[in-house]
Amino acid sequence: MRELALNILDIVENSVSAGSSIIEIDISVKDNMLTISIKDNGCGISSDMLKNITDPFVTSRTTRKVGMGIPLFKMASENSGGDFSIKSTKGVGTVVTATFVVDNIDRPPLGNIASTFSGLVYMNSDIRYILKYNNNGKSFVVDTKEIEDNLDGIPINEYEVVKFIEDMIKENMLESGGIL
């Protein structure tokens with residue numbers, strides 16, 4: 001994938017398919033390391049499946065015999081001098097974490113996190129999404145539950161609300177030190 005936002009989108013789509021009601025996306029930059037963590041409270045992954053989860057020919061999908069999202073995310077992190085891990089407990093949820101060396105020439109750009117996040121909210125408005133962004137100590141949090149609590153019954157996936165969320169994330173990312 002050309003940008004990490006697409007990897008995040010793919011992993012979050014897995015979380016949605018796993019029946020998650022809360023999905024946290026944590027993006028942090030510190031000491032030349034970019035860490036991306038996606039945590040959900042979905043159905044979790046069995047230990048047998050978890051052992052081979054980074055093999056592109058292992059997938060839980062029935063529509064095709066390959067699953068490239070997790071293996072590509074792992075490869076991108078390792079190619080940029082980083083690391084990858086996935087932890088899951090059946091019935092509890094899953095945490096996928098990838099690290100990247102920020103100034104490594106092989107690190108894909110972060111991409112458009114604002115559009116990715118707002119698109120997720122638009123498509124799956126019944127899920128609580130939490131975005132945590134920290135760039136060397138400058139941080140912000142976007143929590144869809146907090147936004148919904150202030151909407152007075154207006155649906156969170158209404159165009160104007162989704163556009164507000166997207167613009168708010170862009171503005172906060174710039175104020176937090178820019179977009180990688």
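Guide: Start with a cluster: ring pairs link F73, F84 and F100. Rings of Phe, Tyr and Trp (its six-membered ring) pair if their centres lie within 6.5 Å; planes under 30 degrees apart count as stacked, over 60 as edge-to-face and the rest as tilted.

Visitor: Before we go on, what sort of model is this?
Guide: This is a predicted model: local features need pLDDT of at least 70, side-chain atom pairs count only at pLDDT 80 or more, and totals for chains, interfaces and linings use all residues. Residues are numbered from 1 along each chain as its sequence is written, and side-chain values use heavy atoms, with hydrogens and water left out.

Visitor: OK. How many aromatic pairs does the structure hold?
Guide: Four. Take F73 and F100: the ring centres are 6.1 Å apart and the planes are at 45 degrees, so this pair is tilted. The pair links distant parts of the chain, with F73 in helix 3 (residues 69–79) and F100 in strand 4, 27 residues apart. Helices (H or I, at least four residues) and strands (E, at least two) are DSSP runs, numbered from the N terminus.

Visitor: Are F73 and F100 buried or exposed?
Guide: F73 and F100 are both buried. Buried means under 20% relative accessible area, exposed over 50%, and partly exposed in between (1.4 Å probe, protein chains only).

Visitor: Give me another pair.
Guide: F117 and Y129 are edge-to-face, at 6.0 Å centre to centre and 70 degrees between the planes. F117 sits in helix 4 and Y129 in strand 5, 12 residues apart.

Visitor: Why does Y129 count as buried?
Guide: Because its relative accessibility is 0%. F117 counts as buried because its value is 2%.

Visitor: What else is buried in helix 4?
Guide: Helix 4 covers residues 113–123, and its buried residues are I113, A114, T116, F117, S118, L120 and V121. The cover over them includes helix 1 (4–17), strand 1 (22–30) and helix 6 (159–175). At the helix start, a side-chain oxygen of N112 reaches to within 3.3 Å of the backbone nitrogen of A114.

Visitor: Tell me about strand 3, then.
Guide: Strand 3 (residues 84–89) alternates its side chains. Six bridges join strand 3 to strand 4 (residues 93–101), and the two run antiparallel. The partner of S85 is T97. Three residues lie between these strands in their hairpin, where G91 has a positive phi near 80 degrees.

Visitor: What about strand 2?
Guide: Strand 2 (residues 33–40) pairs with strand 4 in the antiparallel sense, over eight bridges. I36 stands opposite A98 there.

Terms used:
Pairing = 2+ DSSP bridges. Contact = heavy atoms within 4.5 Å. Polar contact = N/O pair within 3.5 Å; in protein donor to acceptor, adjacent residues only side chain to side chain.
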